[in-house]
Amino acid sequence: MSSTVSDFIITATCPANSGIISAVTGFLSESKCYISELSQFDDEHLGHLFLRARFRFDNDVSADIESIKPGFSVVAEKLNMKWDIFDTAKPMRVVLMVSKFDHCLTDLLYRRNKGELNINITAIVSNHLDLRPMAEREGIRFVYLPVNKENKPQQEAELLNIVEETQTELVVLARYMQILSDSLCKKLAGKAINIHHSFLPGFKGASPYHQAYQRGVKLIGATAHYVTSDLDEGPIIDQEVQRVDHTYRPNDLVVAGRNTETIALARAVKYHTEHRIFLDENKTVIF
């Protein structure tokens, strides 16, 4: 049996110009690295280039990833490039936030247990106790943070303490039914994903499926997006839709909607943990 070979991912953004791809691939080649995946996109409107490459060291090379970072830093500086390198073997540390609905949590736990999501769930945080048994069954730390108008600042501060204490890299709102403050949204910018139970934009609010029913829609969906201070207006990561017809009553739409929510959220989490998402103003570039 062959030994396990570590793969790495490099992500980079910089002003679009000629020679960028050759500079990156040339450096990796000179560093005795094999590139197994390469994606790029040039936003011509903004004049900005996005690049993601997956690579590994050749079998006869004993170097580690830290040894090539100084050299690549020189290349990146010439290109005015923002970049990072990630080890694919290292699970991303994730906090899951929930309220009473369990379908998104159940789905994420299942995918983690089956190896579909390379994540380490550092805690499950909730403003209700309903899903505590599920967390305990999985052996995951459960943190109960009930929220009201008076204690919201203190509870959000405690959430940030948990994120910092556990070195969490991503917060996932898996049907967490509380609006985060502007301050918290800014502190979690680009590191918090929400699933909205509607195909944005449209049918916003507490009862989107009932609104959809009143309008006789033929298509419903869910939207996974990054959290921003503009409620449900953050950069969209993924959307899932399902066809419906006149026979669907509100409860039928809710059942169908649960499927779209779990699929869209799982894909969004997977894209983020695989470092496939780049923020492009209020949009996303996903490789």
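This is a predicted model: local features need pLDDT of at least 70, side-chain atom pairs count only at pLDDT 80 or more; totals for chains, interfaces and linings use all residues.
1. **Size of the largest pocket.** The volume of the largest pocket is about 860 Å³. Its lining consists of 31 residues. Those lying nearest the pocket centre are Phe86, Gly190, Lys191, His272 and Ile277.

2. Six elements each contribute at least two lining residues to the largest pocket: the strands β1 (8–15), β3 (48–57), β4 (82–87), β8 (170–173) and β12 (277–280), together with helix α5 (152–165). Strand β1 gives the largest share, namely five residues.

3. Sorted by class, the residues that line the largest pocket are 17 nonpolar, eight polar and six charged.

4. **The cavity.** The model has one cavity of 30 Å³ or more. The volume of this largest cavity is about 90 Å³. Its lining is made up of Met97, Leu145, Val147, Lys152, Gln155, Glu156, Leu159, Tyr176, Gln178, Ile179, Leu180 and Leu184.

5. Helix α5 provides the largest share of the cavity lining, with four residues. Helix α5 also supplies at least two residues to the lining of the largest pocket.

6. **Geometry of α3 and α8.** Helix α3 (residues 103–113) and helix α8 (residues 250–273) have axes that come within 9 Å and cross at roughly 45°. The two helices are therefore oblique to each other. The crossing of α3 and α8 has right-handed sense.

7. **Contact of α3 with α8.** On the α3 side, the contact involves His103, Cys104, Asp107, Leu108 and Arg111. On the α8 side, the residues are Arg258, Glu261, Thr262, Leu265, Ala266 and Val269. Taken by class, the residues of this contact are five nonpolar, two polar and four charged.

8. **Geometry of α1 and α2.** Helix α1 (residues 20–30) packs with helix α2 (residues 65–78) at an angle of about 160°, and their axes are 11 Å apart. Because angles over 145 degrees count as roughly antiparallel, α1 is roughly antiparallel to α2. The crossing of α1 and α2 is likewise right-handed.

9. **Contact of α1 with α2.** Helix α1 presents Ala23, Val24 and Phe27, which meet Ile68, Gly71, Phe72 and Val75 of α2. The residues of this contact are six nonpolar and one polar, with no charged residue. The contact of α3 with α8, by comparison, has four charged residues.

Notes:
Residues are numbered from 1 along each chain as its sequence is written. Side-chain values use heavy atoms; hydrogens and water are left out. On a 1 Å grid over the protein atoms alone, a cavity is a set of points where a 1.4 Å probe fits but cannot get out, and a pocket is an open set with protein on both sides within 12 Å along at least five of seven lines; lining residues have an atom within 4 Å of a point. Grid points are joined across faces, edges and corners, and a volume is the space filled by probe spheres set on the points. Ala, Val, Leu, Ile, Met, Phe, Trp, Tyr, Cys and Pro count as nonpolar, Asp, Glu, Lys and Arg as charged, and the others, Gly among them, as polar. Axes are lines fitted to C-alpha atoms, for helices over the stretch in contact, and angles run from 0 to 180 degrees between N-to-C directions. Angles under 35 degrees count as roughly parallel, over 145 as roughly antiparallel, 65 to 115 as roughly perpendicular and the rest as oblique. A crossing is left-handed if the near helix is turned anticlockwise from the far one by less than a right angle, and right-handed if clockwise. Contact means heavy atoms within 4.5 Å.
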